[in-house]
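Work through the exercises below with the sequence and the model at hand. Each task is followed by a worked solution.

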Amino acid sequence: MCLKINFNRIGTIILPILLAACSMHSSNQSEVNTQEPIMLSPDVHSFSNPNEIRVNHLSLDLRVDFDKKILSGTAKVFLSHLGDQDTLHLDSRQLVIHSITLPDGSNATYSLTKPIEFFGSDLAVLVPGKAAFIRIEYETEPGAEALDWMMPEQTAGGKHPFMFSQSQAILARTWLPLQDSPGVKFTYDATIHTNPELLAVMSAENGHDKTTNGVYHFKMDQPVSSYLMAIAVGDLQFQSLGRNCGVFSEPGMLPKAAWEFADMQSMIDSAEALYGPYAWGQYDVVVLPPSFPFGGMENPRLTFATPTIIAGDRSLVSLIAHELAHSWSGNLVTNETWNDFWLNEGFTVYFEQRIMEKIYGKPYAEMLTVLGMEELKLTVADLEEEGRPNDTHLFLNLDGRNPDDGLTDIAYEKGRFFLQTVEREVGRDAFDEFLKDYFTENAFKPMNTKRFLDYLKDHLLDKHAGSAERINIDAWVYGPGIPANSPKPESAEFMRVENSLNAFMASGNVDDIDTSGWTTHHWLHFLRDFKKNANLDLVVKLDDAYHLTSSGNNEILCDWFQIAISTQYKLAYPSMERFLTSVGRRKFLTPIYKLLVTRPEDKKWAEAVFEKAKPVYHAVSENTISDVLNP
Ligand SMILES: [Zn+2]
């Protein structure tokens with residue numbers, strides 16, 4: 001996922017086990033993923049018992065009801081019996097279960113525990129005689145947290161409603177009854193019924209065109225984790241961008257989106273050249289309405305992306321590189337529990353940076369790396385200030401907590417800089433070879449921190465005498481903050497920016513700023529440095545010269561508004577209100593609201609804006625901002 005506080009965030013691995021071909025409609029054991037199951041470590045965020053009975057295939061038949069804002073239908077849940085227990089435990093939250101039946105059509109005995117905040121209920125189903133599947137008839141509650149239902153006026157086109165899901169971390173259980181634990185991988189097929197004028201897409205094999213009856217069939221033959229289950233339904237159109245990639249968006253946005261993502265095919269080619277073939281066939285991106293709470297979500301075969309990366313200058317497409325890189329790190333080799341989240345995100349940021357370097361060159365990638373380090377330092381400082389030093393470890397202890405607490409820059413950036421430290425120690429060629437083997441050998445399997453560190457030692461560090469000690473793995477993985485041996489990234493481009501800033505700060509003359517060749521990244525670095533010593537006089541001069549208040553670039557706006565708040569530049573407030581009531585991406589909203597609550601007058605203003613903005617925000621963002629306003 002890209003929740004990145006900075007704007008970043010974007011095989012054939014020969015399938016070790018090829019799954020038996022499956023027809024779209026039949027749901028029988030021939031569809032079942034036959035991979036030898038790995039015994040999973042306990043997942044404190046799931047009620048499931050996958051070491052006893054494990055879900056191996058899901059067959060869905062769901063109707064999308066925009067009037068009631070619910071999904072309803074059936075989920076046929078196929079099972080592997082690994083132990084002796086005959087009670088299957090599933091995760092369920094905000095689901096209304098109508099009936100559960102066994103293969104012979106008889107009613108199954110089941111119970112649902114009282115729901116716990118975040119976690120929901122344990123749905124315990126008696127499955128006697130090692131039954132091959134159960135059939136659950138159910139519907140989602142209107143407020144199911146994974147699903148965002150938008151009125152036509154909340155979309156770009158304004159004519160049709162739109163619905164999309166966000167399952168990570170543990171929201172899949174609010175629209176699907178399943179074992180909602182990332183270590184459990186299963187295949188799936190689905191039939192989705194919706195309004196005939198709308199197109200449904202899923203994290204699976206997709207058709208690219210609307211059908212006349214609004215019925216769509218999907219299949220995903222490669223095993224995926226529950227957090228990668230995804231659906232979007234809206235007035236979508238598709239445009240191909242290469243051999244095996246393309247983009248979906250509302251029709252009015254399609255030309256802009258296609259232009260912005262023109263480098264997608266070369267990103268796929270670069271990624272394959274680094275770490276082996278892309279394993280999932282097609283790679284598409286669907287551009288969602290502005291309420292999508294994250295930058296992107298790496299749903300297999302179909303990345304979900306915020307429209308805020310369509311900047312008009314291709315400057316924010318590292319997000320696509322990030323989500324694409326997840327096709328290896330995360331989607332192929334998956335964190336076994338949310339305590340191991342850094343295994344998904346640290347690898348992905350490292351990989352993303354390598355793709356960006358290959359396509360756009362080293363100076364460009366260096367800028368991204370410096371910005372990443374700036375973000376990491378801020379995150380470490382914030383977490384320490386909040387009394388959460390343990391949350392700056394790579395390996396987390398999220399027992400009893402919402403796993404969203406672990407979705408910070410630690411997993412992303414500290415993870416990346418740890419891997420860069422390993423690379424520096426063993427050399428890039430050796431590290432690349434290691435990573436390629438790691439992704440190939442562990443494809444479609446869960447991975448935890450301990451198994452990874454053992455693998456790293458056996459396959460790489462033992463061949464480089466003394467490297468483990470010099471890297472100081474314990475300090476990185478089980479210790480706080482940024483270890484002393486961390487890389488200290490530098491960027492010549494940013495030095496140029498700093499020279500301009502220093503000259504401007506000294507003279508107060510905007511002509512001293514040399515913006516030739518500046519990208520979004522140059523501006524972000526400039527604004528973040530400027531923020532430290534900004535005053536109202538200089539802010540006015542900058543805005544007069546560069547019209548930052550009316551910028552069309554959301555990354556720049558986000559930093560600019562923070563400067564406007566801290567210098568009380570009130571002329572920017574109407575524009576900030578438009579921004580806060582139209583963009584739902586959490587990484588933009590959080591720092592702005594956090595700054596606004598520090599002044600009583602601004603806090604009042606922020607509360608009024610939040611009330612207006614709520615219908616635009618996804619539950620994920622609404623919850624976060626509500627916490628900021630009412631700690
Ligand atoms: Zn990610």
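**Exercise 1.** Determine how many residues of domain 2 are in contact with domain 3, and describe the domain 2 side by class.

Solution. Six residues of domain 2 are in contact with seven residues of domain 3, a contact being two C-beta atoms, placed from the backbone, within 7 Å. By class, the domain 2 side has five nonpolar, no polar and one charged residues. Here Ala, Val, Leu, Ile, Met, Phe, Trp, Tyr, Cys and Pro count as nonpolar, Asp, Glu, Lys and Arg as charged, and the others, Gly among them, as polar. The bounds, from an automatic or database assignment, are 333-478 for domain 2 and 492-629 for domain 3. Their C-alpha centres lie 30 Å apart.

The model is predicted: local features need pLDDT of at least 70, side-chain atom pairs count only at pLDDT 80 or more, and totals for chains, interfaces and linings use all residues. Residues are numbered from 1 along each chain as its sequence is written.

**Exercise 2.** Find which residues of helix α13 are buried, and where they lie around the axis.

Solution. Helices are DSSP runs (H or I, at least four residues), numbered from the N terminus. In α13, residues 536-546, the buried ones are V539, L542 and D543; buried means 20 or more other C-beta atoms within 10 Å of the residue's own, exposed 12 or fewer, with partly exposed in between and C-beta atoms placed from the backbone. Because their arc (directions from the helix axis to the C-beta atoms) is only 95°, they sit on the same side of α13. The face turned away from the buried side carries exposed D537 and D544. The buried residues pack against α14 (554-566).

Notes: Helix = DSSP H or I, 4+ residues; strand = E, 2+ residues; numbered from the N terminus.
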